[in-house]
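Student: Before we begin, could you take me through this structure by setting each label against the rule that stands behind it?

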Amino acid sequence: MNFQFNLPTNIVLKTGIVRQVAGFLPLYRISKPLILTDKGINKAGLLQGIIESLTNENIDFAVYDDVQPNPKDKYCGLAADFARVNNVDGIIAVGGGSVLDTAKALGILLTHDGVINDWEGDNTLQRDITPLICIPTTAGTGSEATNIAVITDTERKVKMGIVDDRIAPKLSLLDPELTKGLPASITASTGMDALTHAIEAYTSRSSSPVTDALALHAIRLIKDYFLEAVQNGANMEARENILSASLMAGIAFSQSNVGSVHCISEAAGGLYDAPHGVLNSIFLPYVFEFNMEANLEKHADVAYALGVDQNLPVREASKEGAKLLFEMVEKVGIPKFSDLPAVDPKDFAKLAKTSKETPMDADNVRSLTVEDYLTIIKNAYNSNH
C-alpha cells in the first residue's frame, strides 16, 4: 500500500470566525489584501464582518466584486489588472467555487508571467502564488482545501485544470453563518456536488485509507443533514455539518481524484456554461449505476453510508444506492439534463469524446470508452428518472 497525503492549508471552522480575519493577516505577511468576491455576495452583506475586522485594525484593503460564474480566462486577467493597480499583497476570497478558483488563478497571475492558460496542467508553476485566504459561502466545492483550480478556456470552450500545491490556500476560514441565507436551489446543487466529490474520491483508483475515511464520513454527514439544510436553511446544525462534509469531501478528492461524473460535467460545463454543481448532480446517479459492477464492495459501502439496509448483499445494496441517488436528485429539485438551456443532442458525440480525454478519466473505477460516455449522456438526456 503506497500513498501520499499533503494538506498545506490551515483550516478553521467556527461560527463568526470571519470577524477575526484581520488577526490572521500577519501570519502570512499580508498588509493590504484584496477582497475578491461577486456582486451577489457583496450585495447580500456577507463582507460586512470581514470589512469591520480589517477597518478596526486600520488595515488598508481593496474590493473586487466582478467575479463571474464558471470562471473564465479573460475575467481572471481583468481581476489581475485590478489587483496590480491597487498594489495588494494578499487575497481574501469570499464566495463559492467560482470565486475561490478565480482567486487561485489571480494568485498565479500576480506572481507569474503570461495569461492563465499558460499554466494549465499539473505542477506547472515556478513559485508560490500570492498568499490566499479562502472563505467559502457555499457548502459544495471544497475548493477552500484543494490544490486545484478549474478555469474555462473561452477560445476552446473547455474547462482546463491547474493542479499544484502552490495554489492551495494558506488559510481557510469556514463560517456557517455565511451559508445561512443560501437559496434552497443553491444548497441543493452544492450539497450534491459535495456528495459527488465524496463518492468519486472513495471509489477512485487513487484512493487511500485516509481519503476513504474522510469520504465515507462526508457521505454519512450528507445523509444526516443534507435534506434538512435544503428544506430549513436556518438550521445552523445542518449548515455546519454540510459545510464540514463539503470540506472533508474536498480534501478527499484532492488527495485521490474524482472520476467520470466530473469528466462529463466539465465537458458539458465548458460547452454550455452550465453550473458545475447542477451537472454533477444530474450525472452522479447514472455514473454510479454504470460504474458499480467494477467494485461492488465500495459502491455498497457508499450505499450503506447513505442509509441502505446494512444486511443487503453488496450487489443489491449498490442497486439500492443508485436508486436512492436518483430519488435524492428528484427530491431536492435538480433539473433534468434535457431542461438545461442550450443542451443539444447533436453535441453528445463531442461531449463523449471530450469526457474521455479529461485527465480524471484515468482514475474512474471503471474503464470507460467514448461509447460508454455517450451511453451515459444519452441516458441522462432521455431518462424518465
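Tutor: Let us start with strand β2 (residues 33–36), where Pro33 and Ile35 point one way, Leu34 and Leu36 point the other way, and all are buried. The model is a predicted one, in which local features need pLDDT of at least 70 and side-chain atom pairs count only at pLDDT 80 or more, while totals for chains, interfaces and linings use all residues. Residues are numbered from 1 along each chain as its sequence is written, and side-chain values use heavy atoms, with hydrogens and water left out.

Student: Why do the side chains of a strand point two ways?

Tutor: In a regular strand the side chains alternate between the two faces of the sheet.

Student: How do you know that strand β6 is mostly covered?

Tutor: Buried means under 20% relative accessible area, exposed means over 50%, and partly exposed lies in between (1.4 Å probe, protein chains only). In β6 (residues 132–136), 5 of its 5 residues are buried. Both faces are covered, with Leu132, Cys134 and Pro136 on one side and Ile133 and Ile135 on the other.

Student: Which strands does β6 pair with?

Tutor: Strand β4 (residues 90–95) is joined to β6 by 5 bridges and runs parallel to it, with Gly95 standing opposite Pro136. Strand β9 (residues 171–174) is joined to β6 by 2 bridges, also in parallel, and here the bridge partner of Ile133 is Leu171.

Student: What makes β5 and β7 edge strands?

Tutor: They belong to an open sheet of 3 strands in the order β5-β8-β7, with mixed pairing. The edge strands are β5 (121–122) and β7 (148–153), as each pairs on one side only. Between β7 and strand β8 (residues 158–163) there are 6 bridges in the antiparallel sense, and Ile151 stands opposite Met160 in β8. Helix α4 (residues 97–109) packs on this sheet, touching β7 and β8, and its direction makes about 90 degrees with that of β7. Contact means heavy atoms within 4.5 Å, and the angle, on a scale from 0 to 180 degrees, is taken between N-to-C directions of axes fitted to C-alpha atoms, for helices over the stretch in contact.

Student: Why is Asn87 called exposed, and why is Lys157 called partly exposed?

Tutor: Asn87 has 63% relative accessibility and therefore counts as exposed, while Lys157, with a relative accessible area of 48%, is partly exposed. Asn87 lies in the loop between α3 (73–85) and β4, and its phi is near 55 degrees, a positive value in a residue other than glycine. Lys157 is found in the loop between β7 and β8 and has a positive phi of about 55 degrees although it is not a glycine.

Student: How do you know whether Phe283 is buried or exposed?

Tutor: Phe283 has a relative accessible area of 0%, so it is buried. Phe283 is found in helix α9 (residues 276–291), and, leaving aside neighbours within four places in sequence, Phe283 is in contact with Val261, Ile264, Phe337, Ile376, Ile377 and Ala380.

Student: How do you know that the radius of gyration agrees with a compact globule?

Tutor: The radius is taken over C-alpha atoms, and the globule rule is 2.2 Å times the number of residues to the power 0.38. With 385 residues the rule gives a value near 21 Å, and the protein has 20 Å, which agrees. Of the 385 residues, 58% count as buried.

Note on methods: Pairing = 2+ DSSP bridges. Helix = DSSP H or I, 4+ residues; strand = E, 2+ residues; numbered from the N terminus.
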